[in-house]
Amino acid sequence: MKFQVLQQSHANRGRSNSCRGASPLDSSADGSGGTTKSAAAIFWIMLHCLCCLISLVLGFRFSRLVFFLLFSSSSTNNLYTSTLTAPFAADIAETLSFTTSLRNFSPPLKTDAVTSSSNSRVVVGRHGIRIRSWPHPNPEEVMKAHRIMQTVQREQRVQYGIKNPRTLIVVTPTYVRTFQALHLTGLMHTLTNLPYEVVWIVVEAGGATNETAALLANSKLQIKHIGYGKKMPIFWDARHKLESQMRLQALRVVREEKLDGIVMFADDSNMHSLELFDEIQKVQWIGALSVGILAYSSHSDEDPFEAPKNLNELDEKKSPLPIQGPACNSSDQLIGWHTFNSIAYRQKSANYIGDMAIVLPRKLEWCGFVMNSRLVWEESEFRPEWIKDLDMVATGNGEIENPLSFLKDSSMVEPLGSCGKKVMLWWLRAEARADSKFPAGLVFLFELQFNIPNSLEWRIEPQLEVTVAAKRTPWPDAPPELPSKVILENGQKNATKTQTQRSRRSSRGKRKHERLSARISRERTEK
Amino acid sequence: MRNSSWGFLLMFLSAFLLDLDAFELRKGQKTERISGSAGDVLEDDPVGRLKVFVYELPSKYNKKILQKDPRCLNHMFAAEIYMHRFLLSSPVRTLNPEEADWFYTPVYTTCDLTPNGLPLPFKSPRMMRSAIQLISSNWPYWNRTEGADHFFIVPHDFGACFHYQEEKAIERGILPLLQRATLVQTFGQRNHVCLKDGSITVPPYAPPQKMQSHLIPPSIPRSIFVYFRGLGARAAVWENFKDNPLFDISTEHPTTYYEDMQRAVFCLCPLGWAPWSPRLVEAVIFGCIPVIIADDIVLPFADAIPWEDIGVYVDEKDVPNLDTILTSIPTEVILRKQRLLANPSMKQAMLFPHPAQPGDAFHQILNGLARKLPHDKSVYLRKGEKVLNWTAGPLADLKPW
């Protein structure tokens with residue numbers, strides 16, 4: 001309101017000036033040397049009125065600003081921009097007046113030019129903006145900054161992170177197949193990146209093989225490679241059963257060797273986030289985590305790359321990612337379980353490995369549980385009385401679907417990951433087609449960081465003369481028409497997953513003496 | 001027999017002392033004790049060390065002003081109101097002015113707000129003058145010392161100079177009537193007319209509940225190197241570092257502003273409209289090392305808090321080399337600064353919580369006042385002696401309020 005008063009007084013002054021200006025105009029109109037004088041007077045009046053108007057609009061004395069810009073010296077010409085730290089500062093910038101500062105400052109901008117600053121005329125604060133000539137980051141400094149952050153984060157971990165971390169005992173069932181190297185390498189890299197001690201028990205179906213041993217030899221982890229007599233069956237049901245038995249075998253090893261730590265079940269095709277391993281350090285006896293299931297329900301009959309056409313309301317509301325895990329009430333106590341409901345999956349699920357349909361998990365998978373290794377030790381004084389002995393559980397032909405079978409009282413399970421709200425682990429079963437061959441001599445299509453011994457190489461021989469792009473890639477430059485659909489042998493016109501596509505290409509490449517294009521043309525003629 | 005009993009006593013004492021030391025060491029691993037030039041004083045309890053008498057002014061000086069504009073409770077200058085409320089119910093308050101060491105005048109000079117919420121200082125000199133006239137005529141304590149044992153809270157931009165423009169504020173100088181009183185203000189700049197010797201610099205008011213509701217777990221790793229959100233006057237920083245990936249700077253305030261500060265190692269606190277900023281308070285609360293880019297600034301409670309050990313001072317002229325300066329700080333120094341910042345008494349000293357808590361800014365103000373005691377004999381004037389010039393200052397200020 002004060003400003004309005006100020007402006008008003010200014011306007012008044014302006015008006016009175018113009019009034020005064022008007023009267024000489026009147027008088028000079030009668031006078032002799034009137035024309036030039038009146039023109040000057042009119043010009044001056046108009047200029048004055050213009051300045052008044054501008055001042056009214058801007059809110060400060062515009063004429064004073066002009067005066068200063070024209071007539072003041074450079075050494076004392078530092079304008080304060082009116083800004084405030086408060087959030088309403090933008091308004092202040094408009095309504096408050098500019099001022100000049102008369103304090104003595106360090107040398108003016110002229111000498112700054114000597115020290116290689118750019119000649120920016122805008123001045124802010126007391127020194128003006130100095131911009132260095134090469135405003136790009138120095139890579140050495142960037143490295144130093146990253147090292148600083150690394151030290152800070154390490155200190156944070158020491159101060160606020162887990163004290164006395166326990167050894168992780170990771171149990172992984174595996175077997176030799178096309179995608180073993182893919183899955184096992186991923187898991188190996190995850191485990192190598194952990195700041196904890198790891199003992200990795202790899203149980204291999206069909207006995208310990210050289211291929212697997214070669215893969216595992218490349219890591220620096222402490223690995224126990226155990227063979228399990230039976231071979232991995234083709235059908236998923238049987239495979240799940242065998243995996244459970246293999247895990248029990250690993251637990252027997254833990255028991256015999258009295259390994260101390262936290263047992264977690266990491267399937268080789270699962271995806272683990274690093275936060276998961278920090279979280280499971282909190283377990284006391286047996287804990288449960290939420291597992292995201294990478295299986296999609298409806299519309300899988302159609303091409304996954306096509307936009308779903310018939311989205312009804314119900315589908316949209318459905319959560320896209322089914323999650324298995326503990327369910328808690330509002331006071332963070334375990335009250336039940338979110339399990340996998342396979343009825344929701346309307347389409348056919350995979351029956352055998354390599355089947356072109358998604359693989360569904362069991363109700364509650366092993367991977368969602370972590371246990372204190374003392375639960376499986378022989379001497380019963382190490383474990384609470386609500387845990388059954390391993391031998392009692394492991395005998396019998398029924399499948400142990402998940403570690404809840406170890407408990408007499410399943411309410412003693414500790415929910416982890418903010419009571420199951422955080423998903424740090426994703427379950428997926430992705431395998432190559434059943435007819436994909438896996439002999440020695442196929443080259444990886446993916447980059448690997450270490451040298452692969454010859455027996456495990458994937459090599460395409462001869463080199464492909466024609467590379468045929470996959471039909472429905474998300475990339476716009478894919479060629480429009482492909483005979484890939486024609487190559488489908490079992491007559492299903494379903495869209496295929498990229499991994500089966502890739503494996504198909506690699507298996508095709510195995511045919512050493514045939515050009516791909518020739519084969520495609522043959523297929524076409526067959527159809 | 002006696003010797004052995006003395007020996008036992010000695011052993012017991014030494015064991016006790018060693019134990020104490022060990023305890024301190026364990027504590028010191030996480031945080032570090034804050035020890036400023038006045039010593040280890042952040043945790044001092046002012047109760048029992050001083051007595052404050054609160055003048056009963058008519059409500060037109062305080063309550064009525066607040067009723068007219070309740071926004072004064074939330075802005076940066078709200079300390080004057082909360083200090084009044086704190087003193088009314090504090091154990092240091094005495095109802096007997098004869099035994100008081102300090103006298104407090106509750107006049108809210110920073111509560112005349114524009115529609116945008118900015119305080120206008122134009123009426124403040126007259127208001128203060130009117131209040132002083134009242135207390136000097138109704139009580140004998142002002143005239144006894146001409147205000148030397150009185151303190152006033154003047155949190156606005158340039159303190160008791162009562163203007164928001166620096167040039168005008170310097171011209172006016174500190175209100176002549178407050179020449180002898182102790183001023184508690186947010187403004188602090190060395191060799192400046194508007195900061196007189198013996199003033200107590202306090203942090204600007206920042207809403208404690210709001211900041212505490214945005215705390216994230218301290219185990220979340222700090223992954224931003226330098227963080228700053230603010231307005232155009234920081235153009236020097238912006239122009240030089242907008243393309244530098246280590247600097248997360250922008251003019252827009254995101255909703256995750258407080259959370260982001262907790263994920264940063266350094267937070268810039270550059271020169272503001274007036275040379276203080278709530279950024280400093282925020283940086284301390286969120287454990288982000290403050291980078292103070294304001295020449296000659298005097299930071300809050302400067303005698304109790306060793307700011308050079310806690311923050312990083314960068315001259316305004318060195319801003320183009322900010323990245324070099326920050327990356328060349330040794331990591332042990334950075335870790336030590338973070339330990340000092342993690343000390344809860346440091347964070348508490350920056351806040352004005354309601355209800356008041358031990359070690360908070362209210363208590364630090366009282367500690368500061370207590371450290372100035374006992375009053376020098378010279379503050380008590382002889383009968384009839386006058387020091388202050390009641391007619392000094394611009395004519396407009398002499399008009400009644």
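**Figure 1. Cys367(A) and Cys52(A), two buried cysteines of chain A in a predicted model.** Cys367(A) counts as buried, with a relative accessibility of 1%. Buried means under 20% relative accessible area, exposed means over 50%, and partly exposed lies in between, with a 1.4 Å probe and protein chains only. Cys52(A) also counts as buried, at 11% relative accessibility. Cys52(A) takes part in no disulfide, and the nearest cysteine sulfur, that of Cys49(A), is 6.1 Å away. A disulfide is taken as a pair of cysteine sulfur atoms within 2.5 Å. In this predicted model, local features need pLDDT of at least 70 and side-chain atom pairs count only at pLDDT 80 or more, while totals for chains, interfaces and linings use all residues. Residues are numbered from 1 along each chain as its sequence is written, chains are lettered from A and ligands numbered from 1 in the order in which they are written, and side-chain values use heavy atoms, with hydrogens and water left out.

**Figure 2. Chain A as a whole.** Chain A has 16 helices and 12 strands. Helices (H or I, at least four residues) and strands (E, at least two) are DSSP runs, numbered from the N terminus. Of its 527 residues, 43% count as buried. Among contacts between residues at least 6 apart in sequence, 69% join residues at least 24 apart; a contact means heavy atoms within 4.5 Å. The accessible surface of chain A is about 29200 Å², and 56% of this belongs to carbon and sulfur atoms. The areas come from the Shrake-Rupley method with a 1.4 Å probe; for residues, only the protein chains shown count as cover.

**Figure 3. An open sheet of 5 strands in chain B.** The strands follow the order E1-E2-E3-E4-E5, and their pairing is parallel. The edge strands, E1 (52-54) and E5 (200-201), each pair on one side only. Two strands pair if DSSP finds at least two bridges between them. Strand E3 (residues 150-153) is joined to strand E4 (residues 182-185) of chain B by 3 bridges. Phe152(B) has Leu183(B) in E4(B) as its bridge partner.

**Figure 4. The disulfide of Cys72(B) and Cys111(B).** A disulfide is a covalent bond between the sulfur atoms of two cysteines. A search of the whole structure finds 4 disulfides over all chains. In the link of Cys72(B) to Cys111(B), the S to S distance is 1.8 Å. This link is right-handed, with 115° about the S-S bond. Cys72(B) lies in the loop between helices H2 (63-68) and H3 (79-88) of chain B, and Cys111(B) in the loop between strand E2 (102-104) and helix H4 (124-138), so the pair ties together parts that are 39 residues apart in sequence. Both Cys72(B) and Cys111(B) are buried.

**Figure 5. The disulfide of Cys161(B) and Cys194(B).** The sulfur atoms of Cys161(B) and Cys194(B) are 1.9 Å apart. The torsion about their S-S bond is about -115°, so this disulfide is left-handed. Cys161(B) lies in the loop between E3 and helix H6 (166-172), and Cys194(B) in the loop between E4 and E5 of chain B, so the pair ties together parts that are 33 residues apart in sequence. Cys161(B) is buried at a relative accessible area of 1%, and Cys194(B) is buried at 0%.
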